[in-house]
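Thanks for coming, everyone. Let me walk you through today's structure.

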Amino acid sequence: MLRLLCFTAHPDDEAGGFGGTLLHYARRSVETHVICLTPGQAATHRGGAKSDDELAQMRRKEFAAACKLLQVSSGTVLDYPDGKLDQQDFFSTVADLTRRVREIRPHVMITMGPEGAITAHADHSMVSIFGTMAFHWAGRTNRFPDQLENGLSVHRVQILYYGTTMFSMPDRQPVALPPTTAVLEVGQEGIEAKVSAFKCHATQAPLFGFFEETVRRRGKQELFHLAANSTPVKAQMETDLFAGVE
């Protein structure tokens, strides 16, 4: 079975950034996995939560509901601190994500770009950097060899994509988005599922109107940038993230 792994920073990123794609491949019998680094406890919109811990618990449940709607095979929320991914130890964080790549053994990985996606959120930038290094280092015997002594083996992910868009958000700091090299048609059903999955995150209800308007204006596609390939290739426009995967 083909496997797809998505690294995100916050609960709701899986729906907002990749929801159509996750459902698209789940319905084509691809095993889909989402690993979210933080429980989103520092969010501006708090859904009535009285503490960070309460908000984290609420958002974990919302994430699970969204993943179920998107037919995600497994969804995991880690315990890194929301809003502070840029303060985490680089080596230990990459080691953690590398171990998870070696366990899941995906054929394709997707995550955000190092610019931080359209919001340029620092957590988005850092999950990109950590995830990118896990992509590269999971396949090397000289990276985290202690993991290989405990039953794991190296795993070369074949392709890494960054999510991207063809627009930026008004009234925000400038952002330089990765150029589009893959256009995935998710269809009207995919868009409806994406919007519904985002609305599973009830704590973020103040964002629902803006999110839905933005998604529907973009059309029935999700866009990606080819970031790395295990086989040297010339970039060309693609319509399938698994094109060329063995």
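**Salt bridges, a helix and the core**

Glutamate 192 is partly exposed, because its relative accessible area is 33%. Buried would be under 20%, exposed over 50%, and partly exposed lies in between, with a 1.4 Å probe and protein chains only. A word on the source: this is a predicted model, where local features need pLDDT of at least 70, side-chain atom pairs count only at pLDDT 80 or more, and totals for chains, interfaces and linings use all residues. Residues are numbered from 1 along each chain as its sequence is written, and side-chain values use heavy atoms, with hydrogens and water left out.

Back to glutamate 192. Arginine 216 forms a salt bridge with it, closest N and O atoms 2.8 Å apart. That pair links distant parts of the chain: arginine 216 in helix H7, glutamate 192 in helix H6, 24 residues apart. A salt bridge here is a side-chain nitrogen of Lys or Arg within 4 Å of a carboxyl oxygen of Asp or Glu. Helices are DSSP runs of H or I, at least four residues, and strands are runs of E, at least two, numbered from the N terminus.

How many salt bridges are there by this rule? The count is 11. One joins aspartate 12 and arginine 59, at 3.0 Å. Both of these residues are buried.

Now the core. The largest nonpolar core has 63 residues. Such a core is a set of buried Ala, Val, Leu, Ile, Met, Phe, Trp, Tyr and Cys residues joined through side-chain atoms within 4.5 Å. Phe7, Leu37 and Tyr161 have the most contacts inside it.
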